[in-house]
Amino acid sequence: MAFTLQPAVKDDFIDREEILAEMLSTLEDKSTRMGFALVGPRRIGKTSILKEVVRRLEGEKGIVPVYFSLWDLVENTLPELCTRITLAIIEGFKPHLSLKLKMKQLLKVPVLKFFDVLRSLDIKLSLFDEIEIALKKGESGEIDPNTLIEKVFLFGEEIAKENGVRFILVLDEFPSIMDVKNKKKLGEGIIKKIRTIHEGLENTILCISGSIRKTMEITTLSPSSAFYRQFLIKNIEPFDLEATRKIFEKNLYAKISTEAINRLHELTGGMPFYLQLLGRELGRFSAASIGSPQIENSFDQFLLQEGDILFAEQIKSFSDKEKIILSRMACYGLKTPAEIQKSSGEPSNVISRYMEYFLSKGVLQREKKGVYQFTDPVFKEWLKRRLSRQICRL
Ligand SMILES: Nc1ncnc2c1ncn2[C@@H]1O[C@H](COP(=O)(O)OP(=O)(O)OP(=O)(O)O)[C@@H](O)[C@H]1O
Ligand SMILES: [Mg+2]
């Protein structure tokens, strides 16, 4: 066993037994068509849960699970989206089809050629032709994106019906579908369209995830959202202390003290990604047992060496003023608009706007009314040290 920075599945997957059990029993239950929406900040473990659910459902009689991440798109265009989902569906149904060609080979085929290749295979589905025609028309702007997306969903539905199975379609980072371009971004309309299509499907169960609470609100959470009450919503929380202990006991060769586990949990807030990263870092120590000094040392090293790379993109997306506000919040533990106003001198309506923006970016979350906290405790610590470094240089 080893620490990993990839989504954790199979032997690497720790804990989360409750949510796994609930998802599996619901998705296997033929009397319900409810899917799940996983909501949680970045690096909390959404993809791991989705992939583990798919893995455990694979091979189940009467069920075909298919995983697709919107973040796997390269060009982020509508034809790419439609082709890639279609391919993922074919891949998922492979045991039910007699395919001779390797999927990897198919992926290399240019978008519009790929249906020619498929036709040479032994799949007799009229919807293939429909998607192909729609894609070609889509390229020339003759067909609207909604129709094209509909064809793809109907393709999955049809193939499931033909084979008499429940088709579980897992779309990771679902709200990013709004950023897919067909000349311009598809926007919120596409979510509404998918909801309408989805309502008419009998064999397809949709499961989704999203990292930014604000975009998930547009999609599923708020009463005005397209998918309101259409999913069983699960907020994914960080690991509890017990799960934190498990991840180290399982993967670390050296013995680790209870005190050290507690400190690791405190520093990372139980976010599995950081636990994996620190675990890897701790692996460098040859000590037979690991205690608090090694933890502090590893955390310092990690922030110094990897923090800048890890958080570069996030910090670049903020204006200078936003950076100052966030850094002050991190450094001085400011949590309320009044405290921030006092520290920064900005008027309160400006601060409120900033808070809304930080919430929409997922960098802050509401602890309770009027009280804000960092979603990611490690990002907060990095900001704090970064500001101290800058002050020292002055
Ligand atoms: N149940 C788990 N057991 C062990 N490690 C986990 C678990 N869940 C997540 N991790 C680890 O945490 C990290 C992030 O996991 P994952 O990619 O699943 O999260 P995510 O919420 O999908 O993140 P992102 O926002 O980057 O998509 C990975 O290094 C993964 O190995
Ligand atoms: Mg993910």
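Visitor: Is Ile194 buried or exposed?
Guide: This is a predicted model, in which local features need pLDDT of at least 70 and side-chain atom pairs count only at pLDDT 80 or more, while totals for chains, interfaces and linings use all residues. Residues are numbered from 1 along each chain as its sequence is written, chains are lettered from A and ligands numbered from 1 in the order in which they are written, and side-chain values use heavy atoms, with hydrogens and water left out. Buried means under 20% relative accessible area, exposed over 50%, and partly exposed in between (1.4 Å probe, protein chains only). The relative accessible area of Ile194 is 0%, so Ile194 is buried.

Visitor: Which helix holds Ile194?
Guide: Helices (H or I, at least four residues) and strands (E, at least two) are DSSP runs, numbered from the N terminus. Ile194 falls within residues 189–199, which form helix H8.

Visitor: Which residues does Ile194 touch, not counting residues up to four places away in sequence?
Guide: Contact means heavy atoms within 4.5 Å. With residues up to four places away in sequence not counted, Ile194 touches Ile149, Phe153, Phe174, Ile177, Leu206 and Phe227.

Visitor: What distance separates the C-alpha atoms of Ile194 and Glu150?
Guide: Along the chain, Ile194 and Glu150 are 44 residues apart.

Visitor: In what order do the five strands of the open sheet stand?
Guide: Two strands pair if DSSP finds at least two bridges between them. The pairing in this open sheet is parallel, and the order is E2-E3-E6-E1-E7.

Visitor: Which strands stand at the edges of the sheet?
Guide: An edge strand here has a single partner strand, so one side of it is left without a neighbour in the sheet. That holds for the strands at 63–69 and 231–235, which are E2 and E7.

Visitor: How many bridges join E3 to E6?
Guide: E3 and E6 run parallel, and Phe167 stands opposite Thr204 in E6. The number of bridges that join E3 to E6 is five.

Visitor: What is the bridge partner of Ala37 in E6?
Guide: Strand E1 (residues 35–39) pairs with strand E6 (residues 204–210) in the parallel sense over three bridges. Val39 stands opposite Gly210 in E6, and the partner of Ala37 is Ile208.

Visitor: How many residues of E6 are buried?
Guide: Thr204, Leu206, Ile208 and Gly210 point one way from E6, while Ile205, Cys207 and Ser209 point the other way, and all are buried. E6 is therefore largely enclosed by the rest of the structure, its buried residues numbering seven of the seven.

Visitor: How many bridges pair E2 with E3?
Guide: Six of the seven residues of E2 are buried, so E2 is largely enclosed by the rest of the structure. Pro65 stands opposite Ile168 in E3. E2 and E3 pair in the parallel sense, and their bridges number seven.

Visitor: How many residues of H3 are buried?
Guide: Helix H3 (residues 78–93) reaches 23 Å from its first C-alpha to its last, close to the 22 Å expected at 1.5 Å a residue. That expected span is 1.5 Å times one less than the number of residues in the helix. H3 is mostly covered, with buried residues numbering 13 of its 16.

Visitor: How many disulfides does a search of the whole structure find?
Guide: A disulfide is a pair of cysteine sulfur atoms within 2.5 Å. Cys82 counts as buried because its relative accessibility is 2%, and Cys207 is buried at 1%. The number of disulfides found in the whole structure is zero.

Visitor: Where does H13 bend by about 55°?
Guide: The 25 residues of H13 should span 36 Å at 1.5 Å a residue, which agrees with end C-alpha atoms 33 Å apart. The bend at a residue is the angle between axes fitted to the seven residues ending there and the seven starting there. In H13 the bend of about 55° is at Glu306.

Visitor: Which residues does Ser292 touch, not counting residues up to four places away in sequence?
Guide: Ser292 is found in helix H13 (residues 292–316). Ser292 counts as buried because its relative accessibility is 16%. Leaving out residues up to four places away in sequence, Ser292 touches Glu259 and Ala260.

Visitor: What share of the residues in the chain is buried?
Guide: The secondary structure of the chain comes to 17 helices and 11 strands. The chain has 394 residues, and the buried share is 48%.
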